[in-house]
Structure formats: C-alpha cells, structure tokens
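Let's take a friendly walk through a protein chain, from single residues out to the whole fold. Keep the picture beside you as you read.

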Amino acid sequence: MSIISNCTVDVVKKAAATLIKGDLVAFPTETVYGLGADANNEAAVGKIYSAKGRPKGHPLIVHISSLGNLDKWARDIPEYAVNLARTFWPGPMTLILPRTDLAKDFITGSQDNVGIRIPSHTVALALLKEFEDQGGLGVAAPSANRFGAVSPTTAYAVEIELRDFLSESDQILDGGACLVGVESTIINCTQSKPSILRPGAVTKEMIEATLAIAIDPNTSNSESVQVKAAGLLESHYAPNAKVFLTGSPTLGDGFLALDSFTTPVGAIRVASPKTNEEYAQVLYEAFRLADTKGLSKVFVIPPTGDGIAVAINDRLAKSAFEK
Ligand code: TXA
Ligand code: MG
C-alpha cells in the first residue's frame, strides 16, 4: 500500500489505472475519505468488504464524475431527483434511485435501488473523470474505515484504519482534511416524495427550499422505508472510548463541545469548534484523538439547532449507542 500526497495529473492517472486493474484506491472527498473499487468488478468490490470487515449484502454508493453518466446506473429518475442533482451535485449528497442492469446485486445488496453520488473534492472528481476516460463507469466507495468505526477525514486516519488490511498494490491518495467532515446526506428517491435516510451537509431546509415541499421529519429510520442502509444501524461511527451525551467528565475523561463551553476541571478537551460547521469538520478527528490518548470516556455537549447540527446529532447518537 502506498500513500501519495502530491496528487498530480500523473498520480491521478496511475490511481485510475489501479482501479481499472481491480485494486483499491482510498481517496479524499469533501465529506470523508472513501475506499474505492471499480463498481463493475465483483472481485474488486469484494476486496472492499474484506478490507473493511463489512458484512456482505450492505449496499455501496457508486461515485460518478458527471450527471451525463447518471442514467447508466439509474432509471425512472423522478423530476425532483433531477432537480436535487442539478442543485447539489457535485457535493455531499447521495441519491437512492431505481437501478439499471449495470448496478449488480454485489453493489446494491440485491435491492432494486442504487446509491449514486458526484463528490465535489477536486481530487475525487479528477480521479473519477480519469477512471471514466480509461473505460470505467463508476467507483464504488464506502467510507474508508473498518466496519462500525469512525469515518476517516484525513489520509493518515485511513492509513491507521486500513494499513493492515490493504495489499501492496492498493493506494491512498492524500487530499488534505475533509471540509465537511460527516458523510453525505442520503435521500431516498424511489418514492413519490423524497425522504432523508441519513442527514448530512445538504440539510432538510436546503432540500425543502429547492423543491418547495415539506420533508417529513420522521421518514428517517421509518419501517416504511424499503431500503437498507448500514448507516442506519443504531451503533455506528463509534470510537473505542465510550461516548456520553449527558453527564459531566471527571478527572482524565475526554470533553468535546463548542468553544463557548469552558472545559470542566480535570477533563481533557479533544476539540473546541467555533461553529456547528466546524463541529462536523472536527468530530471524527476528535474521537480519534480520544482513542490516541487512550481515554475510556468522552463527554460530549451536542450542538443545538437545525442545519448541519442534525447530522452531527445523528452521528453522536449512534456513536453513543450501547453496543
Ligand atoms: O459521504 C459519503 O457518502 C461517503 C463518501 C466516501 O462518499 N461514503 C459513505 O459510504 O459514507 P458508506 O458505505 O460508509 O455509507 C453509505 C451508506 C450505507 O449506510 C449504505 O448502506 C447506504 O449508504 N447505501 C448505499 N447504497 C444504498 C442503497 N442502494 N439503498 C440504501 N442505502 C444505500
Ligand atoms: Mg461508512
């Protein structure tokens, strides 16, 4: 496995060739780092599952470079989904759409839907474009962490997560720290109205403003949703340290809160974000820091309000869930 920090045109070309050959490339996106494989190569996609230790049958998001490639993977795309795609792509949003024959069971977890995303990070876009120029059609990429663990937002975090599970020929592209810091908003576009399956930086308010409709706040995790998403498991995104969303730290416990909160006496502060956007950006690195420091507990003061706070609170609730 090699880590490449200066992502020149040549480096991106080689990385695309690595994907075409059936090996893995971890790459930066604006949300979190992804672990990529050729979405049309079952053996390559199988390597993602082994590297992550992810149970078989969980669907993967297919990443493409432009809207022009959308109908290769998805069919019967509702008008509202086209509107969302035009507004928020490239960006931190995944659309779940009815699949074409190109999206095989090993990508969709045998569902008739496929998750598609066009990321906005320049390295991700360059890699996807080059991969398509070399004959590829889409890159399957889950977050580049071991199953159930915290998503990586730096190339170093990918290395720590996966170095024991990647092979010689796999690559990690370093594109700096991710700007958003939490995974993309997943929107179910297989019904007459969209619903949010996983909140992210494309917020409910942004979707409602774009489509001029109200989104039902209770559709996430609803039994009526016929799609399965690993991110919907109750325990996920968890560091080794136990996460507490209530109570106060005592001597030697970790503490995470907005900068406006003072650190309780004896607590070890793992981040001091100034805004909710910054909170999302540093959340996973703060959890990693708690683990590096060997802390057994982290007390968190969750952000309040709507917007990105909803995504942060979703991840916090899952990281604090009793396993
Ligand atoms: O920001 C992101 O979305 C990152 C970057 C790398 O793009 N990717 C990511 O992938 O978070 P992953 O696999 O860690 O989480 C994607 C979630 C999973 O919970 C998966 O089950 C769900 O999306 N998903 C993927 N395809 C789906 C489908 N066809 N139907 C329902 N859920 C799907
Ligand atoms: Mg993930």
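## A residue hidden from view

Leu127 has a relative accessible area of 0%, so Leu127 is buried. This model is predicted. You can find Leu127 in helix H6, which covers residues 122–133.

What does Leu127 touch, once neighbours within four places in sequence are left aside? The contacts are Val12, Ala15, Ala16, Leu19, Val25, Phe27 and Leu173. For a sense of distance, take Gly22: Leu127 and Gly22 are 105 residues apart in sequence, and their C-alpha atoms are 15 Å apart in space.

Val243 sits in strand S11, residues 242–244. Is Val243 buried or exposed? With a relative accessibility of 4%, Val243 counts as buried. Not counting residues up to four places away in sequence, Val243 touches Phe287, Val298, Val300, Ser319 and Ala320. Val298 is 55 residues away from Val243 in sequence, yet the two are 5.0 Å apart from C-alpha to C-alpha.

Now look at Thr154, in the loop between strand S7 (139–140) and helix H7. Its relative accessible area is 17%, and the cut-off for buried is under 20%, so Thr154 is buried. Leaving aside neighbours within four places in sequence, Thr154 is in contact with Tyr33, Gly176, Ala177 and Glu285.

Most residues other than glycine have a negative phi, and most peptide bonds are trans. Where are the exceptions here? One is the peptide bond from Trp89 to Pro90, which is cis, with omega near -5 degrees. Pro90 lies in the loop between helix H4 (79–88) and strand S5 (93–98).

Ser110 has a positive phi, near 65 degrees, and belongs to the loop between helix H5 (105–108) and strand S6 (113–117). Ala212 also has a positive phi, near 55 degrees. Ala212 is in the loop between helix H8 (204–211) and S11, and its relative accessibility of 69% makes it count as exposed.

In soluble globular proteins, nonpolar side chains tend to be buried together. The largest nonpolar core in this model has 47 residues, and Leu35, Leu84, Leu95 and Ile107 touch the most other members. Apart from that core lies another, of 25 residues, including Leu256, Ala271, Leu295 and Ile312.

## The whole chain

Stepping back, the protein chain has 10 helices and 14 strands. Its radius of gyration is 19 Å, close to the 20 Å that the globule rule gives for 323 residues, so the chain is as compact as a globular protein of that length. Of the 323 residues, 55% count as buried.

Among contacts with a separation of 6 or more, 67% come from residues 24 or more positions apart.

Technical notes
Residues are numbered from 1 along each chain as its sequence is written. Chains are lettered from A and ligands numbered from 1 in the order in which they are written. This is a predicted model: local features need pLDDT of at least 70, side-chain atom pairs count only at pLDDT 80 or more; totals for chains, interfaces and linings use all residues. Side-chain values use heavy atoms; hydrogens and water are left out. A nonpolar core is a set of buried Ala, Val, Leu, Ile, Met, Phe, Trp, Tyr and Cys residues joined through side-chain atoms within 4.5 Å. Buried means under 20% relative accessible area, exposed over 50%, partly exposed in between (1.4 Å probe, protein chains only). Helices (H or I, at least four residues) and strands (E, at least two) are DSSP runs, numbered from the N terminus. The radius of gyration is taken over C-alpha atoms; the globule rule is 2.2 Å times the number of residues to the power 0.38. Contact means heavy atoms within 4.5 Å.
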